[in-house]
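Please look over the sequence and the 3D structure below before reading on. The report that follows takes up the helices, the sheet and the core in turn.

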Amino acid sequence: MMTNEDPNAYPVLFDWIEMSDLLLMLHLTKNTLREWCSEGGLKCSRIKNKTYFLRQDIERFMYSHYQTYNP
């Protein structure tokens, strides 16, 4: 049976980043990342015991919280 689903409707596998990788990339603690998720600012998905984030959601969150820093 063929469906008329848009193949671009779902993110491809490499668009998902596992929590441990994101922690390393952004130099964050688990508590900070969990806080961002619990406040509703950053969406995540859980599969069994792993948490994943969509690359587009991370970029959107970062741009919406962008601040310049002048030491």
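## Helices across the sheet

Helix α3 lies across β1 and β3 and runs at about 65° to β3. Helix α1 also lies across β1 and β3, running at about 85° to β1. Axes here are lines fitted to C-alpha atoms, for helices over the stretch in contact (heavy atoms within 4.5 Å), and angles run from 0 to 180 degrees between N-to-C directions. Helices (H or I, at least four residues) and strands (E, at least two) are DSSP runs, numbered from the N terminus.

This is a predicted model, in which local features need pLDDT of at least 70 and side-chain atom pairs count only at pLDDT 80 or more, while totals for chains, interfaces and linings use all residues. Residues are numbered from 1 along each chain as its sequence is written, and side-chain values use heavy atoms, with hydrogens and water left out. The mean pLDDT (the predictor's confidence in each residue, from 0 to 100) is 84 for the protein, and 82% of its residues reach 70 or more.

| Element | Mean pLDDT among the elements |
|---|---|
| α1 | 94, the highest |
| β2 (residues 45-47) | 90, the lowest |

The sheet is open and has 3 strands in the order β1-β3-β2, with antiparallel pairing; two strands pair if DSSP finds at least two bridges between them. Because β1 (16-18) and β2 stand at the edges with a single partner strand each, one side of each is left without a neighbour in the sheet. From one strand to the next, the twist averages 35°. Strands β1 and β3 (residues 50-54) are joined over 3 bridges, and the bridge partner of I17 in β3 is F53.

I17 and F53 both belong to the largest nonpolar core, which has 10 residues in all, including L33, C37 and F61. Such a core is a set of buried Ala, Val, Leu, Ile, Met, Phe, Trp, Tyr and Cys residues joined through side-chain atoms within 4.5 Å, where buried means under 20% relative accessible area, exposed over 50% and partly exposed in between (1.4 Å probe, protein chains only). Helices α1 (19-26), α2 and α3 each supply at least two residues of this core, and the largest share, 3 residues, comes from α1.

F61 is buried, with a relative accessible area of 7%.
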